[in-house]
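Here are my notes for your first look at this model. Keep the structure open and check each point as you read.

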Amino acid sequence: MTAKTAIVCADELKSELAGSRPPVLLDVRWQLGGPDQRPAYEAGHLPGAVYVDLDRELAGPAGSGGRHPLPDPEAFGAVMRRAGVSADVPVVVYDGGQGWAAARAWWLLRWTGHPDVRVLDGGLTGWTSAGGDVTADRVPPEEGDFKPTPGCVELLDADGAAARARAGILLDARAGERYRGEVEPIDPVGGHIPGAVSAPTTENVGPDGRFLPAEALRARFDALGASDGTQVGVYCGSGVSGAHEVLALEVAGIAAGLYAGSWSQWSADPDRPVATGPLPL
């Protein structure tokens, strides 16, 4: 997958939906700690879109793997097939506009081998701002044939993340105050993985929620140390906003591995070291 195909704008998507090979649409609206977004989907969504629940279908049960561990690949494949996903049909995922949940679905489909999956830049907000239609109609999709093959993009475990911080660069996609350990609203310990660099994913988008141009993203990551020839890893709180950072890196033309367990897994292990303050060490 190239940087050109990681995201799609609303106008491009309109043209594709009107063409001879329209993509499958997945609605992945989600709020951390917020209400179930299925009612919002039922009230209005892109025509033909199928709702996918992040907490129940894009993650396994919380536990030793973190708050949002990866789902069982076969269970994930069954969800995707029910949603109409096939190996030879493009997929476009979107959420309410923040992009985190859509990026999680995008990353999972890439990790399990789907060859053509993109995120709608700006999500539902970007779609409606561009004059895109929404509907409350729900038409059951035809069963897809997608069969997951895990391991198609790099997945880091805790040891791999620690090694990446030493030998390459490990980006922390959370808010700066959580990285510094000043606040920790969710996980048991505040701070960051020793050696990780603060890189809030919120700084990869503009006020409208759309990604910054590829050149601007590349300049940002280059300034952080994520440049050509450097092995890059990303983590966040529980593997959701980190997927959004991996997507931003993809837009910039930089490959990166995701530590899916992220801080929720790392901080739950008392044997793992914790750093605080504004510096990586």
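1. Start at Asp172. Its bridge partner in strand 8 is Ser198. Strand 7 and strand 8 run parallel, and two bridges join them. Bear in mind throughout that this is a predicted model.

2. Now look at the partner of Asp172 in strand 9. There, Asp172 is bridged to Tyr235. Strand 7 covers residues 169–172 and strand 9 covers residues 232–235. These two strands pair in the parallel sense, over four bridges.

3. In what order do its five strands lie? The order is 6-10-9-7-8, in an open sheet with parallel pairing. Strand 6 (155–156) and strand 8 (197–198) are at the edges. Each has a single partner strand, so one side of each lacks a neighbour in the sheet. In general, strands of a sheet pair through backbone hydrogen bonds, either parallel or antiparallel.

4. Return to strand 7 and follow its side chains. Ile169 and Leu171 point one way. Leu170 and Asp172 point the other way. Are these residues buried or exposed? All are buried, Asp172 included. As a rule, side chains in a regular strand alternate between the two faces of the sheet.

5. Next, the largest nonpolar core. It has 57 residues. Leu26, Met80 and Trp107 touch the most other members. Helix 5 (residues 100–111) gives the most to this core: ten residues. In soluble globular proteins, nonpolar side chains tend to be buried together.

6. Another core lies apart from the largest one. It has 13 residues, including Leu156, Tyr179, Ile193 and Tyr235.

7. The structure holds one cavity of 30 Å³ or more. About 60 Å³ of space lies in the largest cavity. Its lining has 14 residues. Gly97, Gly99, Val119, Leu120 and Gly122 lie nearest the centre. Strand 5 (117–120) and helix 10 (241–251) are the elements that give two or more residues to this lining.

8. What is the make-up of that lining? Six residues are nonpolar, six are polar and two are charged. Gly counts as polar here.

Methods
Residues numbered from 1 in each chain as written. Predicted model: local features only at pLDDT ≥ 70, side-chain atom pairs only at ≥ 80, totals over all residues. Heavy atoms only, no water. Core = buried A, V, L, I, M, F, W, Y, C linked by side-chain atoms within 4.5 Å. Buried < 20%, exposed > 50% of the residue type's maximum accessible area, 1.4 Å probe, protein only. 1 Å grid on protein atoms, 1.4 Å probe; cavity = no way out; pocket = protein on both sides within 12 Å on 5 of 7 lines; lining within 4 Å. Points joined across faces, edges and corners; volume = space filled by probe spheres on them. Pairing = 2+ DSSP bridges.
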